[in-house]
Structure formats: C-alpha cells, structure tokens
Amino acid sequence: MNDPEMPRAREDSVAVSENAGTLYVVATPIGNLEDLSPRARRTLASVDLVAAEDTRHTRRLLTHFGVRTPLFALHEHNEDRASAALVGRLRKGESVAIVSDAGTPLVSDPGYRLVRAAAAAGIAVSPVPGACAAIAALSAAGLATDSFLFLGFPPPKREARRRLLESLCGEPRTLVLYEAVHRCGELLADLVTVFGEDRPAVLARELTKQHETFHRGSAGDLASAWTVGAIEPRGEFVVCVGGAPAERADTGESERVLRLLLAELPVSTAARLAAEITGMARNDLYRQALEIRAENGGGA
Ligand code: SAM
C-alpha cells in the first residue's frame with residue numbers, strides 16, 4: 001500500500017525506485033485500546049505486512065480491530081537479519097508497518113535498526129503517532145515539561161545506576177525513566193541517596209488502565225511509601241524526577257566547607273553535613289563535592 005492520504009517522506013539524498021513501499025512506524029495502545037487512532041487502524045489494515053515484536057501479542061490486538069494483515073517477527077534478537085529482509089520487500093514495492101508490544105516503536109523498543117536501514121536505502125519512513133508511556137506520564141505528572149531528558153531503563157545494577165544518577169545530579173531538566181516493578185524500590189532509594197530526599201518525583205503507574213495511579217511527592221516521600229507498601233507494587237511504572245534547582249551564585253562558602261569535610265568523609269556524608277552547615281540544597285552540594293573529588297583525582 002502507498003496510501004494517497006498518507007504523507008510520503010522522501011529521502012532527498014538517496015535515489016530510490018518510485019515503486020518502493022513505505023515503512024510506517026505505528027504507535028499502539030499502552031493499556032486502553034481506545035487509544036489506537038483511526039489512522040493507525042487503517043494503516044495496519046492496508047499495509048502488506050506488519051513487523052511486530054511479539055507476533056502472538058500483536059495478532060490479538062489486530063484481531064480485536066478486525067485486521068488480518070500478515071505478521072513478521074522483528075525483535076531485538078533478529079533485528080539485523082529481519083531488517084534486511086524487510087528492506088528487500090519495501091524496495092520491491094510492499095508497504096510495511098512496524099509496531100511494538102505497546103506504545104511507540106523504537107522508544108525503549110526494537111525498530112531503530114529497521115528504520116535506519118530503510119532510510120539509508122532511500123525508503124520513505126512515516127510515523128503514525130500515538131501512545132507513549134513516557135509522554136503520557138510527563139503530560140500528567142505536574143513537573144516542568146518545557147525541557148526534559150528521557151533516560152529509558154536505567155542500568156539494572158546498583159553501582160552503574162548510581163553512577164548514572166550522579167552524572168545527572170545537577171541536571172536542571174525533568175528526568176523520565178522506565179523501570180520494571182521489581183526494581184522500582186531500589187531506584188527510589190538511589191534517587192534519595194544521590195539527589196536528596198527533597199527532589200520532587202512522580203510515579204505514574206498503569207497508565208490508561210483501570211488502576212492508573214499517580215503518586216506525587218518528594219523522592220523521600222515516595223521511597224518511604226514504597227517501603228511501607230503504600231504504593232501497589234504491581235503493573236508498569238514510569239518514574240519522573242524534577243530537575244535540579246538552579247545553582248546558587250555564591251559557591252565560595254560551600255566550597256570551603258566541602259573541602260574541609262571531604263578531607264575526612266565520603267562524598268554523600270560530606271554533602272549532607274555541608275547542607276546542614278550552609279543551609280544550601282544537598283543535591284547541589286553533592287554535585288559540587290563530586291566535582292571537587294574529580295578535580296583532585298578522587299581525593300579531597
Ligand atoms: N515503547 C513503549 C512506549 O512508547 O512507552 C515503551 C516500551 S518499554 C519496553 C516498557 C516500559 O514502558 C515499561 O516497563 C514501563 O516502564 C513503561 N510503560 C509501558 N506501558 C505503561 C503503562 N501503561 N503505564 C506505565 N508505564 C508503562
């Protein structure tokens with residue numbers, strides 16, 4: 001299908017046959033099936049092939065919408081091989097839609113290699129936008145949205161996760177993360193350790209589903225609520241974290257205090273005590289302490 005109602009994004013730099021098909025990147029619901037757009041349904045029904053992460057899962061979705069288009073498996077373990085095969089079919093004039101299990105393909109989901117290969121082959125790639133858990137969470141979180149940083153899934157191992165968070169300690173943009181339910185408690189604890197208890201955070205659970213819940217508060221509140229079981233530890237979660245507050249102009253006093261403390265103490269303890277002494281925000285001091293440590297090659 002090359003639908004006359006669909007835009008055909010042309011790759012200017014690569015010559016491609018006029019007969020080539022289009023690759024449509026189609027978002028599917030993240031819970032509520034009513035979130036599949038009419039255009040998404042029409043696209044899925046009229047392409048020659050739907051490339052899906054889990055064909056059995058997508059078959060159920062397509063059946064629900066009365067769509068009988070053949071499916072083709074494209075997942076993280078076969079993406080290179082499957083992409084080459086799909087580009088071959090697109091070149092011959094077939095049109096393909098790519099979907100993932102839920103939400104927008106390529107967003108912490110397979111599809112990037114296929115899109116890159118299709119674009120490199122001069123094939124038109126066109127998005128059919130719709131649900132995305134990160135954007136849905138952010139849109140209702142109540143945190144600043146003028147600029148944000150999407151991190152996908154943080155590293156599963158605590159040390160690597162903390163290193164990532166430490167590198168973002170002074171990041172002023174809102175952070176958006178995906179996390180599996182069994183690691184949410186650890187992530188919340190690490191947010192408190194690295195960013196401090198007071199950093200605003202939002203846990204968005206089971207978006208668009210029957211048990212959709214937003215937990216808004218400070219990182220400390222949410223970590224405690226998780227520990228005592230006040231947050232249902234089931235379902236899917238997006239974690240949003242408010243950005244670091246603007247840095248204080250005068251860092252002279254904090255630097256003096258931190259240097260004294262860092263001579264004797266680890267970074268997190270030095271930052272906590274410096275916050276008590278100076279009245280400044282702990283996460284700002286934590287970041288400053290890391291900079292001082294780095295300047296001194298790991299020493300105070
Ligand atoms: N491509 C998808 C998208 O556009 O949102 C994301 C796929 S990623 C493999 C799955 C993760 O997205 C989940 O672990 C969870 O963090 C988040 N997620 C997906 N659906 C969700 C929902 N209904 N509510 C909250 N989080 C959700």
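The conversation below takes several terms in turn and sets values against their cut-offs.

Modeller: Please note at the outset that this is a predicted model. The protein has 11 helices and 10 strands, and its C-alpha atoms fill a box of roughly 70 × 45 × 30 Å along the principal axes.

Colleague: Why is Ser108 called partly exposed?

Modeller: A residue is buried under 20% relative accessible area and exposed over 50%, with partly exposed in between. Ser108 has 32% relative accessibility, so it counts as partly exposed. Ser108 is placed in the loop between strand 4 (96-99) and helix 4 (112-120). Its phi is positive, at about 50°, although Ser108 is not a glycine.

Colleague: What makes Thr208 partly exposed?

Modeller: The relative accessible area of Thr208 is 24%. Buried would require a value under 20% and exposed a value over 50%, so Thr208 is partly exposed. Thr208 lies in the loop between strand 8 (200-205) and strand 9 (213-218), and it too is a residue other than glycine with a positive phi, here of about 70°.

Colleague: What share of the residues of the protein count as buried?

Modeller: Of the 300 residues, 45% count as buried.

Colleague: Which atoms of Ile30 and Glu236 lie by a nitrogen atom of the ligand?

Modeller: For Ile30, a polar backbone atom is 3.0 Å from a nitrogen atom of the ligand. For Glu236, a polar side-chain atom lies 3.3 Å from a nitrogen atom of the ligand. Both pairs are therefore polar contacts, since the limit is 3.5 Å. The protein covers 90% of the 570 Å² of accessible area that the ligand has on its own.

Colleague: Where does the ligand sit, and which residues come nearest?

Modeller: The ligand sits in the largest pocket. Of the 19 residues around it, Thr104, Asp109, Ala133, Tyr178 and Phe237 come nearest. Strand 7 (174-179) and strand 10 (237-241) each supply at least two residues of this shell.

Colleague: How do the residues of the shell divide by type?

Modeller: The shell consists of 11 nonpolar, 3 polar and 5 charged residues.

Conventions
Residues are numbered from 1 along each chain as its sequence is written. This is a predicted model: local features need pLDDT of at least 70, side-chain atom pairs count only at pLDDT 80 or more; totals for chains, interfaces and linings use all residues. Side-chain values use heavy atoms; hydrogens and water are left out. A residue is near a molecule or strand if one of its heavy atoms lies within 4 Å of it. A polar contact is a pair of N or O atoms within 3.5 Å; within protein, one must be able to donate a hydrogen and the other to accept it, and residues adjacent in sequence count only if both atoms are side-chain atoms. Accessible areas come from the Shrake-Rupley method with a 1.4 Å probe; for residues, only the protein chains shown count as cover. On a 1 Å grid over the protein atoms alone, a cavity is a set of points where a 1.4 Å probe fits but cannot get out, and a pocket is an open set with protein on both sides within 12 Å along at least five of seven lines; lining residues have an atom within 4 Å of a point. A molecule sits in a cavity or pocket if more than half of its atoms lie within 2 Å of its grid points. Helices (H or I, at least four residues) and strands (E, at least two) are DSSP runs, numbered from the N terminus. Ala, Val, Leu, Ile, Met, Phe, Trp, Tyr, Cys and Pro count as nonpolar, Asp, Glu, Lys and Arg as charged, and the others, Gly among them, as polar. Buried means under 20% relative accessible area, exposed over 50%, partly exposed in between (1.4 Å probe, protein chains only).
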